[in-house]
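Here is a short briefing on one protein chain. Look at the sequence and the structure before reading the points.

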Amino acid sequence: MVDGGQGLAPACPEMLPGLYRERQRISDAVDDLLAARGVLDTIITATLPPDAVEPTACEAVGSGRRPEA
């Protein structure tokens with residue numbers, strides 16, 4: 001890489017394919033994170049407010065135990 005006064009630039013054109021691959025890898029990771037955030041938003045939106053849930057319904061949450069039927 002060289003700095004020509006306007007920021008970093010590839011020192012030679014042979015670097016471009018690797019730079020394009022890295023950019024695509026980052027873009028794919030961003031897309032995956034945005035999809036995961038979308039799923040979380042859907043779950044959060046669908047979750048009942050605390051006053052609408054039976055108190056015993058969430059007792060086993062986080063304990064690794066299933067509520068008894």
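The model is predicted.

**Overall exposure**
- Of the 69 residues in the chain, 1% are buried.
- The chain exposes about 6400 Å², and carbon and sulfur atoms supply 60% of that area.

**Salt bridge**
- The count of salt bridges is one.
- It joins the side chains of Glu22 and Arg25, with 2.6 Å from N to O. This pair qualifies because the cut-off for a salt bridge is within 4 Å.
- Both Glu22 and Arg25 belong to helix α1, which covers residues 16-46. They are three residues apart, or about one turn of the helix.
- Glu22 has 35% relative accessibility, so this residue counts as partly exposed.
- Arg25 has 48% relative accessibility and therefore also counts as partly exposed.

**Nonpolar surface patch**
- Which residues form a nonpolar patch on the surface? They are Met1, Leu8, Leu16, Leu19 and Tyr20.
- Together these residues have about 530 Å² of accessible area.
- Helix α1 gives the largest share of the patch, with three residues.
- Met1, another member of the patch, sits in the segment before β1, the strand of residues 2-3.

Definitions and conventions:
Residues are numbered from 1 along each chain as its sequence is written. This is a predicted model: local features need pLDDT of at least 70, side-chain atom pairs count only at pLDDT 80 or more; totals for chains, interfaces and linings use all residues. Side-chain values use heavy atoms; hydrogens and water are left out. Helices (H or I, at least four residues) and strands (E, at least two) are DSSP runs, numbered from the N terminus. Buried means under 20% relative accessible area, exposed over 50%, partly exposed in between (1.4 Å probe, protein chains only). Patches are made of residues with over 30% relative accessible area and no salt bridge: like charges are joined within 9 Å, nonpolar side chains (Val, Leu, Ile, Met, Phe, Trp, Tyr) within 5 Å. Accessible areas come from the Shrake-Rupley method with a 1.4 Å probe; for residues, only the protein chains shown count as cover.
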